[in-house]
Amino acid sequence: MTTVTKVKPYREVTPDGTLHLNLHPGQSRAWLSTAREILILAGTQGGKTVFSVDWLYREIAERGGGDYLYVTATYPLLQLKVLPEFLILFRDILGLGKWHDSDKVFEFSQEKTRVIFGTATNPESLESATAKAAVLDEAGQKQFRRDSREAVLRRLSINQGRILYATTPYGLGWLKTEVYDKAKQPDSGIEVINFPSTMNPAFPREEYERAKAIMPGWKFRMFYDGKFEKPVGLVYDSFSEASCT
């Protein structure tokens, strides 16, 4: 029998108009991080995207007017997942401005602030702004190109802006070698925050256990525990950094 547990909504607006976030422990750790680059590596439906929207709003509130970037793996992902969540907060709850669909830009009404949306499949689309902070959503997907991350770093360089990566580990690509692995180095300026799908109090434990029972172990650990794994059958799948380098 499926048990339904009532949980607090992620966002609550009090009678006096104050916005309150009910963060789970993984989100709280990311919220408190002062790292230049924050990598949230989490299981599916763990609360990555919704958190990234509030994180970006706080960066804007603290750093002031200017341009900010929200980069997604693909435009379909933007339309189906990211944009609705973004507009709930920035337009509907906070009433900060308007969304211009033709330009993929959200423009503030009261100050010279823009949130520019771009796709990681087209790095050149990210080269037109001097930004103060950026979110890279689902940066672990194959479509999210290394060149796009490098373009974002260039856009942030003048303001020494921060980056939030919010993703599930889809494979052993540049995110593993250039962000996750480098976070282990002293003074990297990168913090990795990992949590499973069940860290989200709204995620059913039964669904987690069901997936665990029917999926290959390596795939389950990637998609529900948010951990990098070597797929079975991968060439060089027995390679170990500790013993082979």
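Me: Is Glu138 buried or exposed?
Reply: Buried means under 20% relative accessible area, exposed means over 50%, and partly exposed lies in between (1.4 Å probe, protein chains only). Glu138 has a relative accessible area of 3%, so it is buried.

Me: What kind of model is this?
Reply: Residues are numbered from 1 along each chain as its sequence is written, and side-chain values use heavy atoms, with hydrogens and water left out. Local features need pLDDT of at least 70, side-chain atom pairs count only at pLDDT 80 or more, and totals for chains, interfaces and linings use all residues, for the model is predicted.

Me: What is the phi of Glu138?
Reply: Most residues other than glycine have a negative phi. Glu138 is found in the loop between E8 and H4. Helices (H or I, at least four residues) and strands (E, at least two) are DSSP runs, numbered from the N terminus. Glu138 is not a glycine, yet its phi is positive, at about 50°.

Me: Is Gln160 buried or exposed?
Reply: Gln160 is also a residue other than glycine with a positive phi, near 50°. The loop between H4 and strand E9 (162-167) holds Gln160. Its relative accessibility is 56%, so Gln160 counts as exposed.

Me: What is the relative accessible area of Val152?
Reply: Val152 sits in helix H4 (residues 146-156). It is buried, with a relative accessible area of 0%.

Me: How far apart in space are Val152 and Leu126, C-alpha to C-alpha?
Reply: Contact means heavy atoms within 4.5 Å. Neighbours within four places in sequence aside, Val152 is in contact with Leu69, Val71, Leu126, Ala134, Leu136 and Ile163. Val152 and Leu126 are 26 residues apart in sequence, but their C-alpha atoms are separated in space by 6.7 Å.

Me: Which residues touch the most other members of the largest nonpolar core?
Reply: A nonpolar core is a set of buried Ala, Val, Leu, Ile, Met, Phe, Trp, Tyr and Cys residues joined through side-chain atoms within 4.5 Å. The largest one has 33 residues. Those touching the most other members are Leu56, Tyr70, Phe86, Phe90, Phe106, Val115 and Phe117.

Me: Which element gives the most to this core?
Reply: Elements that each supply at least two residues of this core include helix H2 (48-63), strand E4 (66-72), helix H3 (75-93) and strand E7 (113-119). With seven residues, the one giving the most is H3.

Me: How many residues are in another core, lying apart from it?
Reply: Leaving aside neighbours within four places in sequence, Phe117 of the largest core is in contact with Tyr70, Tyr75, Leu78, Val82, Phe86, Trp99 and Lys104. Another core lies apart from it, with Ala73, Leu136, Ala139 and Ile190 among its members. Its residues number 28.

Me: At what angle do H2 and H3 pack?
Reply: Axes are lines fitted to C-alpha atoms, for helices over the stretch in contact, and angles run from 0 to 180 degrees between N-to-C directions. The axes of H2 and H3 are 9 Å apart, and the packing angle is about 45°. Angles under 35 degrees count as roughly parallel, over 145 as roughly antiparallel, 65 to 115 as roughly perpendicular and the rest as oblique. H2 is therefore oblique to H3, at about 45°.

Me: How many nonpolar residues has the contact of H2 with H3?
Reply: Thr49, Val50, Val53, Asp54, Leu56, Tyr57 and Ile60 in H2 meet Lys81, Val82, Glu85, Phe86, Leu89 and Phe90 in H3. Ala, Val, Leu, Ile, Met, Phe, Trp, Tyr, Cys and Pro count as nonpolar, Asp, Glu, Lys and Arg as charged, and the others, Gly among them, as polar. One residue of this contact is polar, three are charged, and the nonpolar ones number nine.

Me: Which residues of H2 make the contact with H1?
Reply: Helix H1 (residues 25-32) and H2 pack at about 25°, with axes 11 Å apart. They are therefore roughly parallel. H1 brings Gln27, Ala30 and Trp31, and H2 brings Val50, Phe51, Asp54, Trp55 and Arg58.

Me: At roughly what angle do the axes of H6 and H7 cross?
Reply: The axes of helix H6 (residues 205-214) and helix H7 (residues 217-225) come within 8 Å and cross at roughly 155°. That makes the pair roughly antiparallel, at roughly 155°.
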